[in-house]
Amino acid sequence: MAGIPPQQTLYVSNLNDKLQKEELRLNLYMLFSQFGPIMDIVATKVIRLRGQAFVVFKDINASTTAMRQLQGMFFFDKPMRIQYARTKSDSVARFDGTYSAKKKRERKEKERLQEKERLAKLKRKDQLAIGDRESKRKKVDEEMAVREREREKERQRLREEEAEEPHNTLFVENLPPEATENPQMLSVLFQNFEGFHEVRVPPGARPIAFVEFDSVVHARDAKMALQNFKITQSNTLKISFGKKG
């Protein structure tokens, strides 16, 4: 790999992670030892390091030859990827007198902190995913609640209509002020229905009107057609049968 200087330690990856640790070390030793004396083979079953190993030769010539000869070779049904290790192994450091327990502790501590940060990032990612799911579920619940309230309002309206006694006069509420000031506005709306007779707007502050038809049947047809009709941007007609009196 470009940028990594030659050294005695080889980093071997893409290994079969189904092998037990000791079985992996033994087979790697048998394969790599043909190229020169081996000082150590490091393999672990830690999840993030599965399928990887470090092979430490006594000299660089042996490690270089092994890398060239074995690069891409199938080892337990998988092609090996081999490169020089980025750092000197402890075995080599002890051999050449450069080993430092303090540096090793510092390196281990750095690795521990990096792993801790990696796990923390995964945890934050999981928490964000959970929060996102909760938010979506809450939104769905709210939308379902709104639809259920609307359905209940509609059921209540139908119950009220069923309880009403039909009449040929309709009682119209929720009118805009201009409709009561100008009854012709309502007349234009209701005269399209058969049997329309007249619109009466009683005096007073409350915007209401009575619309009379020649029969209950015709009044019912108009009521069904114009119930909840949006007469203005902010006014929706509420229509019921007039009371007999």
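Tutor: Two strands count as paired if DSSP finds at least two bridges between them. Keep in mind throughout that this is a predicted model.

Student: What is the strand order of the open sheet, and which strands stand at its edges?

Tutor: The sheet has four strands in the order 2-3-1-6, with antiparallel pairing. Strand 2 (38–43) and strand 6 (81–84) stand at the edges, and because each has a single partner strand, one side of each is left without a neighbour in the sheet. From one strand to the next, the twist averages 20 degrees. Helix 1 (residues 21–32) packs on this sheet, touching strand 1 (9–13), strand 2, strand 3 and strand 6, and its direction makes about 145 degrees with that of strand 2.

Student: What does helix 2 lie across?

Tutor: Helix 2 (residues 60–70) lies across strand 1, strand 3 and strand 6, running at about 155 degrees to strand 6.

Student: Which residues of helix 7 are buried, and why are they on the same side?

Tutor: An α-helix has 3.6 residues a turn, so residues three or four places apart point the same way. In helix 7 (residues 216–226), the buried residues are H218, A219, A222, K223 and L226; they cover an arc of only 135 degrees around the axis, which puts them on the same side of the helix. The face turned away from that buried side carries V217 and M224, which are exposed. Just after helix 7, N228 takes a positive phi of about 70 degrees.

Key. Residues numbered from 1 in each chain as written. Predicted model: local features only at pLDDT ≥ 70, side-chain atom pairs only at ≥ 80, totals over all residues. Heavy atoms only, no water. Buried < 20%, exposed > 50% of the residue type's maximum accessible area, 1.4 Å probe, protein only. Helix = DSSP H or I, 4+ residues; strand = E, 2+ residues; numbered from the N terminus. Arc of directions from axis to C-beta. Axes fitted to C-alpha atoms, helices over the stretch in contact; angles between N-to-C directions. Contact = heavy atoms within 4.5 Å.
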